Amino acid sequence: RWIGPGIEVDRQAEAMTQESALPRALCQTLARLGVGASEASAYLTPTLRDLLPDPRSLRDMERAAARFLRAVGSGERIAVFADYDVDGGASAALLIDWLRQMGAPAPTLYIPDRIDEGYGPNPPAMAELAARHDLILCVDCGTLGHEALDAAKGADVVVLDHHLGAETLPPAHAVVNPNRQDETGDLAHLCAAAVVFLMLVEAGRQLRETGSRGPDLMTCLDLVALATVADVAPLTGVNRAFVRQGLHVMARRERPGLVALADVARMDAAPNAYHLGFLLGPRVNAGGRIGKADLGARLLACDSPGEARAMAERLDLLNTERREVETQVREAAMAQAKARGAGAALVWAAGEGWHPGVVGIVASRIKESLNRPAIVIGLDGDEGKGSGRSVSGVDLGASIQRLAAEGLLLKGGGHKMAAGLTVARDKLEPAMARLTELLARQGADRIGPADLRLDGLLSPRAATIEGIEQIEAAGPFGAGAPGPRFVFADSQITFARQLGDTHLKLRITDGFGTSLDAIAFGAFDTALGPALAGHEGLRFHLAGRLEVNTWGGRRSVQLRLEDAAPAT
């Protein structure tokens, strides 16, 4: 369904236009995001000074920062145990970079192998690290690692995480996590890198109280921005300020790892949220998915341009391999999920030898296609390792945790929108049946097709670079704050060409002499591609998001097409 703005949003947008003299399209976007006329000015210029929460509002924060500073001041041996995704890698890089700027010895970086060790700390790894270190920092993991942290005899463990916590905390010196059961939930939207950043803010405050100073943390916001977008954290509140400021820092091209990554991704424009989520993030993730687990984190922490280039090129190759593996698994998993029933409260698929590094991406693709919580599992021997993605309003992480507590899973955890699990092969069917039941109680089987939320009608003549830049002032857009989507009504297709296996390039006109280029990614994975490529002169209403496309130094307006409907 295509759903336009409600009457109340239109009224608020009109009132804001009259009161503020801001462009109508920008006011329409602000009103839809719930921003009032009196708040517009502050919203358009978000600052960390106004939005940064007090780190001490999180439990154990002072204790964690004090222990970290004591280790630094005493020259203790520090290890960083991080998750293998972008958030974990950026979290580790923040700590490594901070310690480097303080002139402290480099910490030991440990990132588990996805296949051999799985997610989070494990007893053998923690015992080995504890034997050689005084302090272990677990970042983007550890909240559910009770057994593993108990194995870290002789070392203190500090957990800096954001995954959903259980009723009891692991045996650690400090557990800083906005998603602990005893937290208020006010900061539940933070990714792990943001939690690490707040710990470093608190460390800086404690240093100042002793007459010392720490590094300039504003230079670290490029890492926080990358992690926030790549981990699909909602771009609201302080997260929006993190990303907004982080993009400015990244544009200065001062971090060798991100410079090298941007170059291999052939980014020829100022970075934006799309670049973080779809160009840089997947390449950082590629090492943890199908290559060397710590490659992404080491790239982000690298201070040598030459070494960074070599690592970035390796990650780029791994990302290409990842896409090939993903395509094979996605086709088989989608067929299996549909055969089980696309309207169930849970759509799931499991296959022999499916690579654990791509099951999360495939689950995301299936979720997007069917608008249902999705689980994809790779089977190997007596076990299966899988990942799940959820839809708005359905808490997948809590249900996965309940399955683990009931003994149907060997291991499981996550947050509302994403989760990971390990299941015994002989319990696969009952576990998925029970998960389906739990999600049905949340109404997952009653969700209709995803709605397409629209902000209004535009003509190609009104689609200008200036207009897009005015709207971008309300950004960055992403999870929790989607960018505006417009309809170009009664459009004639004057050019259509397939790009690669699945994409479609178009040129449209309204019949009054103005044309607009459009691109539909993945169009031939759905009915959209064949319908538009074989239009036979029919006219269409076209819906999508406007963007500025930079190619060969030339900037032009492009419609990122998402859906179409016959105009007759």
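Q: What should I know before I start?
A: Residues are numbered from 1 along each chain as its sequence is written. The model is predicted, so local features need pLDDT of at least 70 and side-chain atom pairs count only at pLDDT 80 or more, while totals for chains, interfaces and linings use all residues; side-chain values use heavy atoms, without hydrogens and water.

Q: How many helices and strands does the protein chain have?
A: Helices (H or I, at least four residues) and strands (E, at least two) are DSSP runs, numbered from the N terminus. The protein chain has 20 helices and 18 strands.

Q: What does the radius of gyration say about the protein chain?
A: It is taken over C-alpha atoms, and the globule rule is 2.2 Å times the number of residues to the power 0.38. For 568 residues, a compact globule would have a value near 24 Å; the protein chain has 24 Å, which agrees. The C-alpha atoms fill a box of roughly 75 × 60 × 45 Å along the principal axes.

Q: How much of the protein chain is buried?
A: Buried means under 20% relative accessible area, exposed over 50%, and partly exposed in between (1.4 Å probe, protein chains only). Buried residues make up 54% of the 568 residues.

Q: What span should helix 11 have?
A: The expected span is 1.5 Å times one less than the number of residues. Helix 11 covers residues 238–251, which is 14 residues, and should span 20 Å. Its end C-alpha atoms are 20 Å apart, which agrees.

Q: Where can I find a positive phi?
A: Just after helix 11, Arg253 takes a positive phi of about 55°. Ala21 has phi near 65°, a positive value in a residue other than glycine. Ala21 sits in the loop between helix 1 (7–20) and helix 2 (24–32). At 69% relative accessibility, Ala21 counts as exposed. Arg266 has a positive phi near 60°. Arg266 lies in the loop between helix 12 and helix 13. Arg266 is exposed too, at 61% relative accessibility.

Q: Is the peptide bond from Gly475 to Pro476 cis or trans?
A: Look at omega. The bond is cis, with omega near 5°. Pro476 is in the loop between helix 19 (465–472) and strand 14 (486–499).

Q: Where does Pro530 lie?
A: Pro530 lies in helix 20 (residues 528–533). Its relative accessible area is 48%, so Pro530 is partly exposed. Not counting residues up to four places away in sequence, Pro530 touches Ala523 and Phe524. Pro530 and Gln498 are 32 residues apart in sequence, yet 9.6 Å apart in space, C-alpha to C-alpha.

Key
Contact = heavy atoms within 4.5 Å.
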